[in-house]
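Colleague: I'm new to this one. Could you walk me through how to read it?

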Amino acid sequence: MTDLVEQQKSECPKKSSWWWPGVVASGLAGAAVWAFRGCWHRKMSWPIGGQGYSYQVCLSCGAKRLFDEKTFTTYGPFRYDLNQLTAWEGSTKPTAHPMADASQPPAS
């Protein structure tokens, strides 16, 4: 009779712990994506005005991006320093076209 009980115990399938390595691998993959990509900047503040510019701030990481009040859109790169952002804006502004100056009547 004891042989029968031992035989039934050995026939029971052993529970595997396959989920534990899956959880670890999933966590590591998520950490790698976060490390390489960083913040997705999904939660942005309302436009803020300062130093003659309008910008928005990411509520998750604090990155700033310029904001155009006329078209109500953001533009330019994300930067953490507003001075770098305004320097980028100054370096990419188009210069005045000579034709625009010629179309105005001369001052008398």
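**Cysteines, a lysine and a core**

Modeller: Let's start with cysteines: the sulfur of Cys39 lies 3.7 Å from the closest cysteine sulfur, in Cys58, too far for a bond. A disulfide is a pair of cysteine sulfur atoms within 2.5 Å. Before going on, this is a predicted model, where local features need pLDDT of at least 70 and side-chain atom pairs count only at pLDDT 80 or more, while totals for chains, interfaces and linings use all residues. Residues are numbered from 1 along each chain as its sequence is written, and side-chain values use heavy atoms, leaving out hydrogens and water.

Colleague: Is Cys39 buried or exposed?

Modeller: Buried means under 20% relative accessible area, exposed over 50%, partly exposed in between (1.4 Å probe, protein chains only). Cys39, at 13%, counts as buried, and Cys61, at 28%, as partly exposed.

Colleague: What about the charge on Lys64?

Modeller: A salt bridge puts a side-chain nitrogen of Lys or Arg within 4 Å of a carboxyl oxygen of Asp or Glu. Lys64 is buried but has none; Asp81, the nearest side chain of opposite charge, is 6.7 Å away. The Lys64 side chain does reach the backbone oxygen of Tyr80, at 3.3 Å.

Colleague: Which residues make up the largest nonpolar core?

Modeller: Such a core is a set of buried Ala, Val, Leu, Ile, Met, Phe, Trp, Tyr and Cys residues joined through side-chain atoms within 4.5 Å. Here the five are Tyr55, Val57, Leu66, Leu82 and Leu85.

Key:
Lys and Arg count as positive and Asp and Glu as negative; His and the chain ends are not counted. A polar contact is a pair of N or O atoms within 3.5 Å; within protein, one must be able to donate a hydrogen and the other to accept it, and residues adjacent in sequence count only if both atoms are side-chain atoms.
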